[in-house]
Amino acid sequence: MFSATDHAMMARAIQLGELGRGIATPNPHVGCVITKQGRIIGEGFTQAGGRPHAEAMALSACTESPEGATIYSTLEPCAPHEKSRGPACADLLIEAKVARVVSALHDPFEGVDGKGHERLRDANIQLDIGLMAPQVGEQLKAFLARVSRKRPWITLKVAATMDGKTALLNGQSKWITSAESRRDVHLLRSKVCAVMTGIGTALADDPALTVRDVPCNRQPLRILLDGRLDVRDDMQLLRGGNSLIVTATGNEARAAELMTRGVDVMRIPTEAVKGKTDLVAMMHALAQYHRGLNHIMVETGAKLNASLLSAGVVDEIIFYVAPSILGDAARGLFALPELTDLKDKVELKFSDVRMVGPDLRITATVNNSAGEASCLPAS
Ligand SMILES: NC(=O)c1ccc[n+]([C@@H]2O[C@H](COP(=O)([O-])OP(=O)(O)OC[C@H]3O[C@@H](n4cnc5c(N)ncnc54)[C@H](OP(=O)(O)O)[C@@H]3O)[C@@H](O)[C@H]2O)c1
């Protein structure tokens, strides 16, 4: 059904979509190409804040009339819905009298959910769905996770030695990995909606969790998980706003004090058994925070790493591995309870391996993520 030209044009649309990563949020970073007789006449990608959409931008960028053209869009063009902040892309394409629409994926967002495709079909436009769906599913996995599972995509980032150690027993940890790896982390931060840490790390390291030393159009939200509101007034996370503290305590006076400093405070109930913040409930709340958080990168210590894994809310882990060994007495990455049966191990699947300066960067997906069906299309 799809030609080599179709593949090349969709590959270009995917490339364009990347330009909107990190800025289109909470909308998906969609790419679009408009062609006539195999020539590109217009290109677009979802703009900052999610509007204009890729298709609208590509139509307005056309160098000649789009009548009779073929449109390649990485996601189903939107249909009108109550949360629309502009004209629906399906209607714009119908008005422009395009002849054929090729889209990679169905958009599960409730306002669209097949209605964009249906509108195009009803207007007798040739519709071909599914081209390069696995690639686009990977590119838009965080948006798809939030919309279909009602939880953000969670990436855990850890830095360790070859023997999985993060610090000496006496706490010395600066620096395990190289300057190149630390810069790479800033690049990752620039592409996510939010960066999260736990109060243990905040008290030990006082991180700013901002993007520095790399190009960045907007800073990600900073999230601190602080069950008892132990955050200190002089911490970097409280400077410059754009921070959210998630807590389990009902200490309204302290919460109000923090809010006068421009920090938002979200209260999440504690898990009945362990008296800790309910991490699953927290993720569902974060999926709806403001206009929605698609992708959160967690940079925290062994305790919260373990709790997030045990709660089944981690989708992938990025390991920066330094070519060094600290020995068994040093501190580890995941403070999980002792396992007595190997079948209880956390299973991972490597998805990417590369060198960053002298270090290795390994990305692995977690197999048991909240026991819910994958939001990605089958490859
Ligand atoms: N190498 C690396 O990749 C890396 C990255 C970051 C940090 N670190 C190091 O990690 C060390 C700190 O680690 P840490 O394990 O002490 O602290 P942590 O994991 O950063 O934070 C743990 C704290 O988070 C709070 N929390 C709230 N809800 C929780 C829940 N449901 N489950 C678990 N914790 C919850 C708990 O305090 P409350 O009970 O008060 O809420 C808990 O003490 C630092 O030395 C830092 O340098 C290493």
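Visitor: How many helices and strands are there in the protein?

Guide: The protein has eleven helices and 14 strands, where helices (H or I, at least four residues) and strands (E, at least two) are DSSP runs, numbered from the N terminus. Its radius of gyration is 23 Å, close to the 21 Å that the globule rule gives for 379 residues, so the protein is as compact as a globular protein of that length. That radius is taken over C-alpha atoms, and the rule is 2.2 Å times the number of residues to the power 0.38. This is a predicted model: local features need pLDDT of at least 70, side-chain atom pairs count only at pLDDT 80 or more, and totals for chains, interfaces and linings use all residues. Residues are numbered from 1 along each chain as its sequence is written, and side-chain values use heavy atoms, leaving out hydrogens and water.

Visitor: What share of the residues counts as buried?

Guide: Buried means under 20% relative accessible area (1.4 Å probe, protein chains only). Of the 379 residues, 52% are buried.

Visitor: What span should helix H7 have?

Guide: The expected span is 1.5 Å times one less than the number of residues. H7 has twelve residues (179-190) and should span 16 Å; its end C-alpha atoms are 17 Å apart, which agrees.

Visitor: Which residues of H7 are buried, and which strands do they pack against?

Guide: An α-helix has 3.6 residues a turn, so residues three or four places apart point the same way. In H7 the buried residues are Ser 181, Asp 184, Val 185, His 186, Leu 188, Arg 189 and Ser 190. They pack against several strands, including S6 (153-161), S7 (194-198) and S11 (295-298).

Technical notes. Buried < 20%, exposed > 50% of the residue type's maximum accessible area, 1.4 Å probe, protein only. Contact = heavy atoms within 4.5 Å.
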